[in-house]
Amino acid sequence: MSQGLPQPIHVHDTFTGTKRELVLRDPGSCGIYCCGPTVYGLCHVGNARAALVPDVVVRFLRQQGLRVKYVRNITDIDDKIIALAQVEGVAAMDVADRYADAYHSDMAALGMLDPDVEPRVSSHLEPIIALISRLVERGLAYAAEGDVYYRVAAFADYGKLGKRKPEELLEGAGSRVEVDARKESPLDFALWKAAKPGEPAWDSPWGAGRPGWHIECSAMCGTHLGETFDLHFGGRDLIFPHHENEIAQSQGAFGPGTFAQYWLHNGFIDFAGEKMSKSLGNFFTTREVLALHNAETVRYFLLTVHYRSGLNFDVRVDCPDCGAELDRDAQERGKCAACGAEPGRDALRGRVRFPGLEEADERLAYVYATLDGARRVLREAGAAAPALPAGPGPLLQAFCEHMRSDFNTGGALGTLSRPLAEVNTLLSTTKGVDKAARLQALAAFLADMEQVSAILGCFGAEPGQWLRSRRDLRAAKAGLDLAKVDALLVARREARATKDWARADAIRDEMAALGLTVMDGPDSSVWDFAQRV
């Protein structure tokens, strides 16, 4: 056993650029910090992915028997929040509260765990000021007319996380950084910002003002996880300068080797390739996507690739006037090449489809249908559940092997393909199969899938209910006449009851033409959309 773990776990650490064994500071316990949202707008799918990665890691580590303390912050003091509040003519904290509530609602919809602690900047001004004061005392920060700056030149390891040399940063700073005579170096960054007229402010030893963005996370990490903790998560866009500056602040205050021991960063999400078309905008909010797809489908899709990899949301848009698919150029121009219509951005966004999510939905439905069938067979067997060997079965073992290799959810999901196919074979035929062995195999599959569900936050709904809900949602989107479908199904039942097989087959073909399939049971028949797996 390694550090309280049943088997070693290896993670890719951004700081060292290597895959390292996870060695916990306190065997059996793990402290995790995730940079949460700056709440000045609705979260987009990239924000959702950044929250999902640590969510699944926390689930997996707990499944492995660890005690986990998960901290994810809310940044509710920020320039962008203040700017939006001024535009709207409301208090900055009202803006922050509104969008923090929206973020919580979106995360709940996606099945995210609540963090054990969710600190807000506004309730941590005292530790923030104390940390800045410590840096000033150690010669790593200096005051300048009510502002306080971090002295980058005094921290020898600056740039190591982002693999950037300070001298190279300094050479390029002239064209990117506005000259400020109060700063000793263009690279120095703000720890405390002096108050400006009309902006919210708090008292400090340097005068009224508010904290800089980077110092906020350092102070909240220290408050809730201590000077040193295990895992720090965030998007790749935060590596430099945000996380680089967190390291400089925290290690500057408490010494080398403190702060996060491992840095894990998730890849970007692109829409339709490198960028979204101008006419459609360059991102979609989580709510826009959830209006089109089941939340679990979105969650499953985000988990199909390794968290460090980029993820592309393929986008398809059909012309509202003629129905032709618009290529990238047509999306850019906002004009249909087939009919010449110029529907405008809002109309085009209303016609957006995500083929990747559609495929994920099909795959998810396949898993749920398999779970539903396995449960039904065991239920109909009417006997006590077969005895199972102690410990994880082969399915769960293979799944967890990928999770222990840098939390590779894509590889872990891939291990389900063969067991799912084998179970469906058992469900479709009983010829030549020992009944007891069949029931035991199905029970073992369900037991392992229960653990997989707990780790991924997927496959945990009641299968029959989930499938019916999906079917009804698709029917509503397609404008399907449910009364007609039900009438066809009744007619088919009647034809089968009178052994009018030709009529029953004709009705089945009529339903197939609508994209539907019929499943016949001993006492009844049900319909669903035809699956593509």
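Predicted model: local features only at pLDDT ≥ 70, side-chain atom pairs only at ≥ 80, totals over all residues.
Local features need pLDDT of at least 70 and side-chain atom pairs count only at pLDDT 80 or more, while totals for chains, interfaces and linings use all residues. Residues are numbered from 1 along each chain as its sequence is written, and side-chain values use heavy atoms, with hydrogens and water left out.

Helix α12 (residues 355-381) packs against helix α16 (residues 435-456) at an angle of about 130°, and their axes are 10 Å apart. Helices are DSSP runs of H or I with at least four residues. On the α12 side, the contact (heavy atoms within 4.5 Å) is made by Val367, Thr370, Leu371, Ala374, Arg375, Val377, Leu378 and Ala381. From α16 come Arg438, Leu439, Leu442, Ala443, Phe445, Leu446 and Met449.

The largest cavity has a volume of about 100 Å³. A cavity is a set of points on a 1 Å grid where a 1.4 Å probe fits but cannot get out, and lining residues have an atom within 4 Å of a point. Its lining includes Arg49, Tyr307, Phe407 and Thr409. Helix α1 (residues 45-63) gives the largest share of this lining, five residues.

The table gives both sites by class; Ala, Val, Leu, Ile, Met, Phe, Trp, Tyr, Cys and Pro count as nonpolar, Asp, Glu, Lys and Arg as charged, and the others as polar.

| Contact of α12 with α16 | twelve residues | one residue | two residues |

Key
Axes fitted to C-alpha atoms, helices over the stretch in contact; angles between N-to-C directions. Helix = DSSP H or I, 4+ residues; strand = E, 2+ residues; numbered from the N terminus. 1 Å grid on protein atoms, 1.4 Å probe; cavity = no way out; pocket = protein on both sides within 12 Å on 5 of 7 lines; lining within 4 Å. Points joined across faces, edges and corners; volume = space filled by probe spheres on them.
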